[in-house]
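Reader: I am new to reading protein models. Can we go through this one by asking what each label rests on?

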Amino acid sequence: MKINVVNDFVIRFANVNGSGSASTNNMFAKSIFRMGIPVSPKNIFPSNIQGLPTWFEVRVNENGYLGRRDGVDIMVSLNPQSLVPDIESVNQGGYFIYDSTKKLHSQYIRPDINYVGIPMMQLAMDNFKIPRLQQLFKNVIYLGALCALINIDIDIVKGIIAEQFEKKQKLIPSNYLALDLGFNWVKENLEYPLGITVNTSDKLGNKILVEGNDASALGAVYGGATVIGWYPITPSTSIAGGFENYCKKYRVDKDSGKNKYAVVQAEDELAAMGMVIGASWNGARAFTTTSGPGVSLMSEFIGLAYFAEIPVVLINVQRGGPSTGMPTRTQQPDILSTAYCSHGDTKHPMLFPSNPTECFEMTAESLDLANILQTPVFLMSDLDLGMNYHVTEPFKWDDNKKYNMGKILSAEDLDKLEEWGRYLDVDKDGICYRTIPGTHPSKGSFFTRGTSRDEYAKYTEDGSVYVRVVDRILKKWDTTKKHVPGPEFYQKEYNSQYGLIFFGTTTYSALEAMDIMEAEGIEIDSMRIKSFPFNEQVEDFLTKHDYIFVIEQNRDAQFRSLIINELDINPSKLIPILNYDGMPITAATIINLIEKTNILPFKVEQV
Amino acid sequence: MTFVKPTFRHPKQATNKIGFVKSDYEGTISTLCAGCGHDSISASIVQACYDMSIEPHKLAKISGIGCSSKTPTYFLSNSHGFNSVHGRMPSVTTGANMANKDLIYLGVSGDGDTASIGMGQFVHAVRRNLNMVYIVMNNGCYGLTKGQDSATADFGSIGKSKIPTPFQAIDLAALCLELGGTFVARSFSGDKNQLIPLIKAGISHPGFAFIDCISPCVTFNNNTNSTKSYTFVRDHHEATGTLDYIPPEKEISIDYEGITQVKLHDGSMLNLSKLSPNWNPKDRFSTVKRLAEAKENGQILTGLLYIDTESQDLHTINNTVDIPLNQLKEKDLCPGSKTLEKINEGFR
Ligand SMILES: Cc1ncc(C[n+]2csc(CCOP(=O)(O)OP(=O)(O)O)c2C)c(N)n1
Ligand code: SF4
Ligand SMILES: [Mg+2]
């Protein structure tokens, strides 16, 4: 039996990390993308630099479903260490492509899958002298073989190679040679193509293929960030690196050659957060980026920024917790710890991007929001979004856009004012006017502190003044609801008594699950939440539906708890649909879990 | 308790070069214990800033948590202040400094705030040569939490617990030197003549200026057998020399025997007189040795211990533009939609 499909399959590469396979695999994904076919690559990597198994999984899907799908249709096996599970993971009728330089032992032969042996290492050894190059070119050889096996346009691949080595032209011919070696060997020795092929399509329009972290880095540059304090941690590191790289390109003053930005690699996340607070207090647009363990460290400072009302932007690229957890796997596990981060009564706005385009837009937007609201704002990305390439809408920027620094008084403003207090709620929206150090020689100075103070920033232990101040901050929370992006609905109107709620990277598979259910005649209304605090639209959706499935990627249904806690919703209405094994959630998982609840009166025929 | 001092101004009150009177540099009335060394340091800060004719709004005062860290309320009320969290003044100052290189940053900390909870941030601020004055009001104990030994309490010294300190003391000045600090000084809260010129020199220094200022806690650690008590310091204090700070615009004519002059970056001069033999504040190695000797002899060495007048601060290292980052606008910062289209193309 052989699987026969066009533009609809999952291919997995089993590699050893540190073997240089990552760039080859990315070229594979990019080639499919350039053929106009929706593609969704996922790098499944270990927390290690060299030697451990790593997988690269690519879903190719003409219909544009970009969520993960279980099961492997083609396995490209390059790692003897994971051979047994890799063979087991192949779907019936699928293909197992391996290096036949060494014969595959008969015990590894499964009768229900198809074996495709290619002497990759032999070809590499015959054509390249240096062992390190043999290893590297073995990767390109399998890419060439795949071109023949599944009909990838080899010229597209060559084009990508040429771009990749634009600055090292010398390397292009040898890469082409390796590519041709694999390609020709298949043509001369095997029946090709396989039953699984790709075919040029037009499903992508002007979309781009980019990582969420890269998008955030760019969003920070466009959003006007000038200061970043940061400390390395997977999966957030590439945001800081990306920001610095873009700044080197776009933020160097042409005349003086000097930098219009400052990147400070801090001694730890505590210091990183302190730097952001100091910079924002001093009127710069500043941000930091980290993951769960870093947020935990920063929490004392986050409370200070909340209470002293200092803008902060923190991009939390979430990973599997608790503690060091699964540092290279994805989850949405920091919902509650971020929402209420720090001691005392605190709560913080969060934005939930679900694709790189939103990472770009929301990073820029959060720099405005933090300044408008004078409080820490969290961009809740995750490893899947941040570190994997996603097909997404191109980035857009309105050149007329002005950076919003919120309510800041200039020297002229201060001269006109008869009275000013840092924490006076003049506009009755809970947001007060601040001053930046250095503005005016005799007006507007005040003392910023994390201790209780009155409207004029004077220290006080008077309980009634304290209550007045913290209640006013709560009023700001209401104002916040008007500023953060509202939910997105995937429905015409309220048709069903059943509802779905999801956010962030869960969106891909949730939408796919909805389509599958709809094809079965099951209609469910759905809402993607883009931010916290929840606004009236969110509340309305919750009251208008009898059963709402809340899909999220953590064990404890944290988002569901947040909804219950904030909106006083009857918990029995909210049914948790959870996935937390560290792999991005799939549509099949969502449907299975929904069915298991026995709440829907119908069965879904699983494909 | 806080209350604002009367702002009555005598018409004949002396003003400094930019027309401010001394009280313009003062703060609200201190709520520290009467006789607390920290208050004397505040007074020296006020005097130094008045003398230097610093525009109050061009200075930002930042502190951590502790009695010492409260003092920024008691000086320079026309300057923005930031009482941050315990031990984290250096990072807040780093961020503030990155945002605006044009202000003077005055960081105030305690020995608990710096040598224990904030040690990590302190050493990294030194390492980055952040352009700031960093004053540790060092009383060998945690004043605000009622007198526990701090990490600068000397081995064997007897504080509030009445049990001799069983641990070795951290000498912050020695540590700062070791870390490559570019301005390292030690002084005593009671010695205004020494402290004021040191603060001025620290402000003039275009990098990290560290002043470890012994500042007795009269309530918890002023026993005769504490090395951070008034009596101990008065009896065992050995100065590297008498200091005199001369602002850049004053002509320097004195150059007689026994005086070493140090020219600071902004053209101002530090005169050191009555130097102990072989003292050279530009020689890191001999300073390390002298500090160790003084410790061995139970002496507290004060004065300007070391200075490197050629140092590069974090902005120089970062090659930051001359305009403060917090003043840059859309046109300076945003690459624009045309560029974005090109960037998009790179993602296809
Ligand atoms: C995270 C945290 N831990 C503990 C404290 C309690 N605390 C306040 S001040 C202080 C010690 C201050 O000692 P020092 O810095 O030497 O200042 P001093 O009061 O002696 O001037 C401590 C432990 C705190 N504020 N924050
Ligand atoms: S407790 Fe000690 S350090 Fe604190 S104010 Fe009183 S004397 Fe000063
Ligand atoms: Mg102390």
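Reader: Where does Pro235(A) lie?

Author: First, a caution: this is a predicted model. Pro235(A) sits in the loop between strand 10 (227-230) and helix 8 (237-250) of chain A.

Reader: What makes the peptide bond from Thr234(A) to Pro235(A) cis?

Author: Its omega is near 0°. Another cis bond runs from Gly321(A) to Pro322(A), with omega near -10°. Pro322(A) is in the loop between strand 13 and helix 11 (335-339) of chain A. Most peptide bonds are trans.

Reader: How do you know that Glu57(A) and Arg12(A) form a salt bridge?

Author: Look at the closest N and O atoms of Glu57(A) and Arg12(A): they are 3.0 Å apart. The cut-off is within 4 Å, so the pair counts as a salt bridge.

Reader: What does the pair of Glu57(A) and Arg12(A) tie together?

Author: Glu57(A) lies in strand 4 (residues 53-61) of chain A, and Arg12(A) in strand 2 (residues 8-16) of chain A, so the pair ties together parts that are 45 residues apart in sequence. Both Glu57(A) and Arg12(A) are buried.

Reader: What makes the contact of Lys475(A) and Asp425(A) a salt bridge?

Author: From N to O, the two side chains are 2.8 Å apart.

Reader: Why is Asp425(A) called buried, and why is Lys475(A) called partly exposed?

Author: Asp425(A) has a relative accessible area of 10%. Buried means under 20%, so Asp425(A) qualifies. Lys475(A) has 33%. That falls between 20% and 50%, so Lys475(A) is partly exposed.

Reader: Which residues are joined into one network by salt bridges that share partners?

Author: Arg12(A), Glu57(A), Arg68(A) and Asp70(A). Over all chains, the whole structure holds 41 salt bridges.

Reader: What makes strand 13 of chain A mostly covered?

Author: Count its buried residues. Seven of the seven residues in strand 13 (residues 312-318) of chain A are buried. Both faces are covered. Val312(A), Leu314(A), Asn316(A) and Gln318(A) are on one side, and Val313(A), Ile315(A) and Val317(A) are on the other.

Reader: How do you know that strand 12 and strand 13 of chain A pair?

Author: Pairing needs at least two bridges. Strand 12 (residues 286-290) of chain A has four bridges with strand 13 of chain A, in the parallel sense, so the two pair. For instance, Thr289(A) stands opposite Ile315(A), and Thr290(A) has Asn316(A) as its bridge partner. Strand 13 of chain A also runs parallel to strand 15 (residues 376-382) of chain A, joined by seven bridges. There, Val312(A) is partnered by Pro376(A).

Reader: Which elements make the right-handed β-α-β unit?

Author: Strand 12, helix 10 (residues 292-308) and strand 13, in chain A.

Reader: Why are strand 11 and strand 21 of chain A called edge strands?

Author: The open sheet has seven strands, in the order 11-10-12-13-15-14-21 (chain A), with mixed pairing. Strand 11 (262-265) and strand 21 (531-532) of chain A each pair on one side only.

Reader: Why is Asp568(A) called exposed, and Leu76(B) buried?

Author: Asp568(A) has a relative accessible area of 73%. Exposed means over 50%, so Asp568(A) is exposed. Leu76(B) has 1%, which is under 20%, so Leu76(B) is buried. Each has a positive phi without being glycine: about 55° for Asp568(A), near 50° for Leu76(B). Most residues other than glycine have a negative phi.

Key. Residues numbered from 1 in each chain as written. Chains lettered and ligands numbered in written order. Predicted model: local features only at pLDDT ≥ 70, side-chain atom pairs only at ≥ 80, totals over all residues. Heavy atoms only, no water. Buried < 20%, exposed > 50% of the residue type's maximum accessible area, 1.4 Å probe, protein only. Right-handed = clockwise from strand over helix to strand, strands pointing away.
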